[in-house]
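Subject: Structure handover

Hello,

Here is the structure I promised to pass on. Please open it before you read further.

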Amino acid sequence: MQENTVVQETTSANQGQISGQNVVRVVEKTETAETKRMKEHFNFFGPVTFLYAVFYAFCMFHNGSGITFPFFLAGTLLYFVFSLSKLEITLKRGSTFYMISILLLGISTFCTDGWAIISLNKLAVFLLVMCLLLNQYFDTKKWNLGKYVGSICQLIVMSFGELGKPFSDGKAYFREKGKVNKKVWYGLLGVVIALPIVLIAAGLLSSADAVFRKMTTDFMNWIRPGNIFNVVIRVTFLFFTSYALTSYLCKRSIPEEVKDRRKGEPVLAITIMSLLSLLYLLFSGIQIFGLFLGKMQLPEGYTYAQYAREGFFQLLAVSILNLILVLVCLSFFRESKVLKVIMTIMSLCTFIMIASSVMRMIIYIRYYYLTFLRIFVLWMLAVLFVMFIGVLINIYRESFPLFRYGVVIVTVLYLALSFSHPDYIIARVNIANAPGTDGAGWEESVAQDYGDDFFTGPFFRGSEYNDYSYLSDLSADAAPVIIPYMESLGYDFGAYELENPTDIMRDDTQAQWWGGYQPKGFGYYYLNHNKKRLDQTSLRTFNISRYMARKQIEARIDGK
């Protein structure tokens, strides 16, 4: 949807004569219907984008995972929908999936305190927003992974060239419409006059009510040069980037067609993939008869834990490499039945590698229990397994929408991980095998589910879990497990009211030094690790996980 207007201006000095030749200047200007509408509706895009930027600063200032985060994402989607309406673009059906997923990620962030999940959620939101924008402004049905990645990079980089658009669009709008409406000037004048009156009234009301005085005092304490500068930077950044993104999308400069790059000689791919497939077949045979069927004798000096630890990251890397190689063959080499068979063999071997990596990780977990990285590796292997199912379909069915399939699969699986609260699972499973859990009431069912029948950890006390340093670094998500466990060990929860809960061990230097590694000390480090975030709970920064953790601690302090 592009309208190309070529304007030719012919000028000549002294009524068209310079040495008997005319000088021709050609000015080429490209505009789309959306670009024109954006200029025409600057009275919408300018103020609304600014309000959106202010809303962002309010929601996200010193608040990465509070209740305002899902509201900010909802506001982002409303801004997106209203912008489309002004540009006369109909919302596509496929955009609904992206929008629902973005909102769910916002809710997940508000419900968790795990920094890893919060960081991954924000990365996922960014990628989904980029996919949503491209899907809405372009026909992406035939786009592949490479096309999407290239388009996202192009959108981000080229949008920098549009940072001046608010000024040029505003200038063009006011030049066309004439003077600014008098009501706007009266509104601005009203704000200027009202400010000193509001300050005087606030001072009088503060002296009349203690609660209101505390609120205004807290607000005035917040107004510091550093905070003001932070907010101004945030508002400025989001205003210009949002306007620039919309402006560049309206230009529709990203080509929609996907060039057929399958021109490579299949023999080259067949040779490379055949050699790799032979290697993988040999490796797969060893995995089937050795690891899966248990008929392989381990190398001398190896335990199953050492054998498992040595392999799962390497197998994960090889599985990812295989996925890349198959996608490259599908994208850059001419169709070949032999190549299809070899890619199928490689894919099947990759399934065996994935299964081997999963089994190794499970063996390793049996010996060394859960961490976030181990859970994340299992999740990655599940994603690879499902992705290779799509790859196998795509090998024999060219029209299969592999990228869209991948987006849906990865998003759904990640949402499951995001809402699962891995820190809670880690604490629940590991503490079930820690000292002091036998017959301690709430732990009985957990110990029965996750006890010695599965775990055989080679720790100093038999199979008992004792990595208390790791437990002390878990987030508030783990509090529903850790706090009752601390109570069963006889912890003094009054330590939470100290500025530094570990100060309760001050008289015992050895206990203070080793406390984070011992059952009787790690809990104070856990309280100290989470105290700052738990104490910063307010209406704007409210987080469900932190709220529940604080309630559990306060209940123990009050002796309930």
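Below is what was found in it, topic by topic.

**Ground rules**

This is a predicted model, so local features need pLDDT of at least 70, side-chain atom pairs count only at pLDDT 80 or more, and totals for chains, interfaces and linings use all residues. Residues are numbered from 1 along each chain as its sequence is written, and side-chain values use heavy atoms, with hydrogens and water left out.

**Overview**

The protein has 23 helices and two strands. Both kinds of element are DSSP runs numbered from the N terminus (helices: H or I, at least four residues; strands: E, at least two). Of the 560 residues, 42% are buried. Buried means under 20% relative accessible area, exposed means over 50%, and partly exposed is in between (1.4 Å probe, protein chains only). Now take the contacts with a separation of 6 or more: 78% of them join residues 24 or more positions apart. A contact means heavy atoms within 4.5 Å.

**The second largest pocket**

Rolling a probe the size of a water molecule over the atoms shows where empty space is left. The search uses a 1 Å grid over the protein atoms alone. A cavity is a set of points where a 1.4 Å probe fits but cannot get out. A pocket is an open set with protein on both sides within 12 Å along at least five of seven lines. Lining residues have an atom within 4 Å of a point. Grid points are joined across faces, edges and corners, and a volume is the space filled by probe spheres set on the points.

The second largest pocket holds about 850 Å³ of space. It has 31 lining residues, and Phe126, Val129, Met130, Leu238 and Leu245 are the closest to its centre. Helices 3 (42–60), 4 (68–86), 6 (115–137) and 11 (225–251) each give at least two residues to this lining. By class, the lining has 24 nonpolar, six polar and one charged residues. Nonpolar covers Ala, Val, Leu, Ile, Met, Phe, Trp, Tyr, Cys and Pro; charged covers Asp, Glu, Lys and Arg; the others, Gly among them, are polar.

Leaving out residues up to four places away in sequence, Thr246 touches Met38, Phe45, Tyr79, Leu87 and Tyr137.

Two packed helices are described by the angle between their axes and the distance between the axes. Helix 2 (residues 33–40) packs on helix 11 at about 145°, with the axes 7 Å apart. Axes are lines fitted to C-alpha atoms, for helices over the stretch in contact, and angles run from 0 to 180 degrees between N-to-C directions. Glu34, Thr35 and Met38 of helix 2 meet Tyr243, Thr246, Ser247, Cys250 and Lys251 of helix 11. By class, that contact has three nonpolar, three polar and two charged residues.

**The cavity**

How many cavities of 30 Å³ or more does the structure hold? There is one. The largest cavity has about 30 Å³ of space. Helix 22 gives the largest share of its lining, four residues. The lining divides into eight nonpolar, one polar and no charged residues.

**Ser206**

Ser206 lies in helix 9 (residues 182–208). Ser206 is buried, with a relative accessible area of 11%. Its C-alpha atom is 7.1 Å from that of Thr216, ten residues apart along the chain.

Best wishes
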